[in-house]
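Hi everyone, thanks for making time today. Let me put the structure up on the screen, and then we can walk through it together.

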Amino acid sequence: MLSLKVSDLSIPELHNYLQYAIAPRPICFASTIDKAGNINLSPFSFFNLFSTNPPVCVFSPSRRVRDNTTKHSLENLHEVPECVINIVNYAMVQQVSLASVEYPKSINEFIKSGFTMLPSELVKPPRVAESPVQFECVVNEIKSLGNTPGAGNLVIAEIKLMHINEAILDADGKIDQEKIDHVARLGGDWYCRVTPDNLFKVAKPVKTVGIGVDAIPFAIRNSKILTGNNLGQLGNVETLPADVEIEAYAQLPEIKDVLDATFGDASTRETQLHLKAKQLLDAGKVAEAWKLLLL
Ligand SMILES: Cc1cc2nc3c(=O)[nH]c(=O)nc-3n(C[C@H](O)[C@H](O)[C@H](O)COP(=O)(O)O)c2cc1C
């Protein structure tokens, strides 16, 4: 492992390691306004949701590394503590990047980047019409993290009103994860797109208390075939199958075939069973995998 002391690194080096490692990051496309009515639109990937009740997001316009100046968005928020957080999808990403150009304060990046201003209902900054989800927010607090180049400023923004494009909803009126087409920021110029083919589900251990990896029998836990993900799935069950279930499972023709073919050869049998269990686990069939592994 390469171990790096933060104090030995230059700010650009530190920035590089942090941005590549802490990724992907969602993008807050924030519209703000100053007291004189100048509108600003800028992306921030130092951004996330931090509370549901109250609904609070935080994003961070940092001090410029180049000259330690503060960003227009931050200055606007000190003057008018309101913003719209517009969620970014793939169709928007090139224009979003264009909006990050350091235009003078008087320049409206809606116009520069070619996005459409939509009046907000509760706050002064306009929304981005093209964005699939727009959050009208009031800023409760701005917390400075320092006065040196690269120091962040946490903008603690409470969501007051949400606008969601019906095109991304499912039949129940909820956001369809496959339709929103998110993009996120990684290190350097890298972005990623959330497409249906790279989405997957992981069962939430909220209602159940899994037995834990430490309770999995040694031979299974130390398998050369099962992966850490497979052990996580196996450790997430509350109880192991009963002997009668295992015995019934052993009578299935395809299982009987494996057992007969490996009779007297414990090592080959274990390999065969673990390979089959891995296939089942990768297909999400955890209960069945357990019966096979306990044969
Ligand atoms: C996708 C993306 C994410 C960004 N994230 C941040 C961020 O989290 N913090 C930051 O200070 N700058 C970030 N930037 C750079 C700002 O958007 C850029 O400095 C912008 O010009 C600030 O505009 P302003 O001075 O008008 O507020 C990001 C740029 C892009 C393209």
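Predicted model: local features only at pLDDT ≥ 70, side-chain atom pairs only at ≥ 80, totals over all residues.

The protein chain has 10 helices and 12 strands. The domain assignment gives domain 1, residues 6-198, and domain 2, residues 213-293. If you turn the model on your screen, you'll find the C-alpha centres of domain 1 and domain 2 lying 47 Å apart. The C-alpha trace of the protein chain spans about 85 × 55 × 30 Å along its principal axes. How does the radius of gyration of the protein chain stand against that of a compact globule of 295 residues? The globule would come out near 19 Å, but the protein chain has 26 Å. Buried residues make up 25% of the 295 residues. Among contacts between residues at least 6 apart in sequence, 61% join residues at least 24 apart.

Now, the strands. Let's begin with an open sheet of 3 strands, in the order β1-β11-β12, with antiparallel pairing. Which strands stand at the edges? They are β1, residues 25-26, and β12, residues 191-193; each has a single partner strand, so one side of each is left without a neighbour in the sheet. Between β1 and β11, which covers residues 183-185, there are 2 bridges. Arg25 has Arg185 in β11 as its bridge partner.

Next, please find β10, residues 153-164. Strand β9, residues 133-144, runs antiparallel to β10, and 11 bridges join them. In this part of the model, Glu141 stands opposite Ile156 in β10. Strand β5, residues 55-59, is also antiparallel to β10, with 4 bridges between them. Here Phe59 has Val155 in β10 as its bridge partner.

On to β2 and β3. These two form a hairpin with 5 residues between them, and Gly37 in the turn has a positive phi of about 95°. There are 6 bridges from β2, residues 28-33, to β3, and the two strands run antiparallel. Is β3 mostly covered or mostly open? Mostly covered: 5 of its 6 residues are buried.

The ligand is surrounded by 17 residues, and the closest are Phe46, Lys71, His72, Ser73 and Ser100. Which elements give two or more residues to this shell? Those are β3, residues 39-44, and α2, residues 72-79. The largest share comes from β3, with 4 residues.

Last stop: Leu122. You'll find Leu122 in the loop between β7, residues 117-118, and β8, residues 127-128. Why does Leu122 count as exposed? Because Leu122 has 11 C-beta neighbours inside 10 Å, and a residue is called exposed at 12 or fewer. Leaving aside neighbours within four places in sequence, Leu122 is in contact with Glu136, Lys160 and Leu161. Leu122 and Val138 are 16 residues apart in sequence, and their C-alpha atoms are 9.1 Å apart in space.

That's my tour, and I'm happy to turn the model to any spot you'd like to see again.

Technical notes
Residues numbered from 1 in each chain as written. Domains from an automatic or database assignment. Pairing = 2+ DSSP bridges. Near = placed C-beta within 6 Å. Rg over C-alpha atoms; globule rule 2.2 N^0.38 Å. Buried ≥ 20, exposed ≤ 12 C-beta atoms within 10 Å, placed from the backbone. Contact = placed C-beta atoms within 7 Å.
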